[in-house]
Amino acid sequence: MNKSISVAVVMTVFNRKEQTEKCISSILKEMDHMSLNTDFYVTDDGSNDGTRELFKHYQEMYTNSKFVVLEGSGSLFWNKGMHLAYGEALKQTSYDFYLWVNNDVEFFTGFLSEILRDYSRAREKQEYVIICGGVRYRDRNELSYGGAINHSEINPYNRTLLTPNGHIQECDCVNGNCLLIPSETAALIGNIDERYEHGFGDFDYGYRLIRAGGQPYVASEFVGKCDRNSIIGSWKDTSLPINKRFLLKNKPTGQPPYSHKIFLKKWFPKLWFYYWIKPYIGIVSSSLTYRIRKS
C-alpha cells in the first residue's frame with residue numbers, strides 16, 4: 001500500500017489523561033514513517049482531568065489531522081461512547097479504514113503498517129474482513145486482549161484467546177482494544193449496537209460480520225501493550241461480600257443483566273437463560289467456597 005491511506009481513529013475516553021496521551025502519541029508516530037492521513041473521533045464522556053484540553057493541544061500541534069471531540073453525558077461508558085464516536089466517523093465516507101482503539105493501549109512503532117499488511121493478506125481470502133490486534137501485558141510477552149475462537153454454538157464462554165503467531169488467524173470473538181475496520185466492511189455492518197451499556201458490543205460486531213458472510217482475523221503480531229483489568233475489587237473478587245458482588249456485577253462496567261440478556265438471546269438463544277443466570281449462582285458458590293477455605 002504505497003498510496004496515501006486515510007484512517008479514522010475512534011475511541012471513547014473518561015479521564016485517564018496520561019494513558020490517553022501515550023495512546024494518541026503512539027498512533028501519531030505512525031504518521032512519521034507512513035503516507036498516512038489520520039483523523040480522530042473521540043467521545044469524551046465527562047472527563048474532568050484535562051483530557052479535553054489535551055485534544056485541543058493535539059489539534060494545535062497536528063493541523064493536518066482533525067480531532068473531533070464529542071461530549072458525552074457522563075454515563076455512556078465504552079459501548080455507547082463508541083457508538084457516538086464511530087457514528088460520527090461513519091458520516092464521512094472518504095476514509096479507507098476505521099481504527100477502534102482503547103485509550104489504555106500504548107501501540108508499538110510500526111503496528112499500523114503491520115496490520116494493514118495483514119488486511120491485504122486477509123483480503124486474498126475474504127472480501128469483508130476486520131483485523132483484531134492482540135495486545136500483551138506491559139511486563140511480559142503474554143496476550144492480554146485480542147481475538148478468540150468460540151468452540152461451541154450453545155456456550156458463549158467456551159472460547160480460546162489466539163496469541164499472535166506471525167500469521168493471520170481466523171477468529172469469531174474480537175476485543176475492541178485495537179480493531180481495524182476497512183471501509184467496505186464498515187459500509188456492510190454499520191455502527192456498533194447501541195443497546196449494550198459497556199461491554200459486548202465488540203464481540204457482537206465480530207459475530208455480525210460472520211453472519212453477513214465476512215470473517216474477522218487476528219493480527220499476525222502484537223500491536224501494543226495493555227494490562228488486563230484486575231479482578232480485585234470487581235464482581236469476580238471472591239473476597240468481597242456476596243451482596244457487594246451482586247451490585248458490582250449488575251453495574252454497567254460489570255456484566256449488566258440487560259446487556260447480557262441481549263447478547264445471549266441474540267447469539268446463543270438455545271441456552272440463553274442458563275448462561276444468564278449462571279454468574280449469579282457462581283457468585284454465591286465461589287463466595288461460600290472462599291469463606292469455608294478461609295475459616
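Q: In this predicted model, what makes strand β9 (residues 147-150) and β12 a pair?
A: Two strands pair if DSSP finds at least two bridges between them. Strand β9 and β12 have two bridges, in the antiparallel sense. They therefore count as paired.

Q: Which residue in β12 is the bridge partner of Ala148?
A: Cys173 is the bridge partner of Ala148.

Q: What is the strand order of the open sheet of three strands?
A: The order is β10-β9-β12, and the pairing is antiparallel.

Q: Why do β10 (159-161) and β12 (173-174) stand at the edges?
A: Each has a single partner strand, so one side of each is left without a neighbour in the sheet.

Q: Why are α7 and α9 called roughly antiparallel?
A: The axes of helix α7 (residues 242-250) and helix α9 (residues 272-294) cross at roughly 150°. Angles over 145 degrees count as roughly antiparallel. The α7 and α9 pair therefore falls in that class. Their axes come within 10 Å.

Q: Which hand does the crossing of α7 and α9 have, left or right?
A: The α7 and α9 crossing is right-handed.

Q: Which residues in α7 and α9 meet?
A: From α7 come Ile242, Arg245, Phe246, Lys249 and Asn250. From α9 come Pro279, Tyr280, Ile283, Val284, Ser286 and Ser287. By class, the contact of α7 with α9 has six nonpolar, three polar and two charged residues.

Q: Why are α6 and α8 called roughly parallel?
A: Helix α6 (residues 201-211) and helix α8 (residues 257-267) pack at an angle of about 20°. Angles under 35 degrees count as roughly parallel. The α6 and α8 pair is therefore roughly parallel. Their axes are 12 Å apart, and the crossing is left-handed.

Q: What makes up the contact of α6 with α8, by class?
A: Phe203, Asp204, Tyr207, Arg208 and Arg211 in α6 meet Phe263, Lys266 and Trp267 in α8. Four of these residues are nonpolar, four are charged and none is polar.

Q: How many aromatic pairs does a search of the whole structure find?
A: The search finds 25.

Q: Why is the aromatic pair of Trp78 and Trp100 called edge-to-face?
A: The Trp78 and Trp100 rings are 6.1 Å apart, centre to centre, with 75° between the planes. Ring centres must lie within 6.5 Å to pair, and planes over 60 degrees apart count as edge-to-face.

Q: What parts does the Trp78 and Trp100 pair tie together?
A: Trp78 lies in helix α3 (residues 77-90) and Trp100 in strand β4 (residues 97-101), so the pair links parts 22 residues apart in sequence.

Definitions and conventions: Residues are numbered from 1 along each chain as its sequence is written. This is a predicted model: local features need pLDDT of at least 70, side-chain atom pairs count only at pLDDT 80 or more; totals for chains, interfaces and linings use all residues. Side-chain values use heavy atoms; hydrogens and water are left out. Axes are lines fitted to C-alpha atoms, for helices over the stretch in contact, and angles run from 0 to 180 degrees between N-to-C directions. Helices (H or I, at least four residues) and strands (E, at least two) are DSSP runs, numbered from the N terminus. Angles under 35 degrees count as roughly parallel, over 145 as roughly antiparallel, 65 to 115 as roughly perpendicular and the rest as oblique. A crossing is left-handed if the near helix is turned anticlockwise from the far one by less than a right angle, and right-handed if clockwise. Contact means heavy atoms within 4.5 Å. Ala, Val, Leu, Ile, Met, Phe, Trp, Tyr, Cys and Pro count as nonpolar, Asp, Glu, Lys and Arg as charged, and the others, Gly among them, as polar. Rings of Phe, Tyr and Trp (its six-membered ring) pair if their centres lie within 6.5 Å; planes under 30 degrees apart count as stacked, over 60 as edge-to-face and the rest as tilted.
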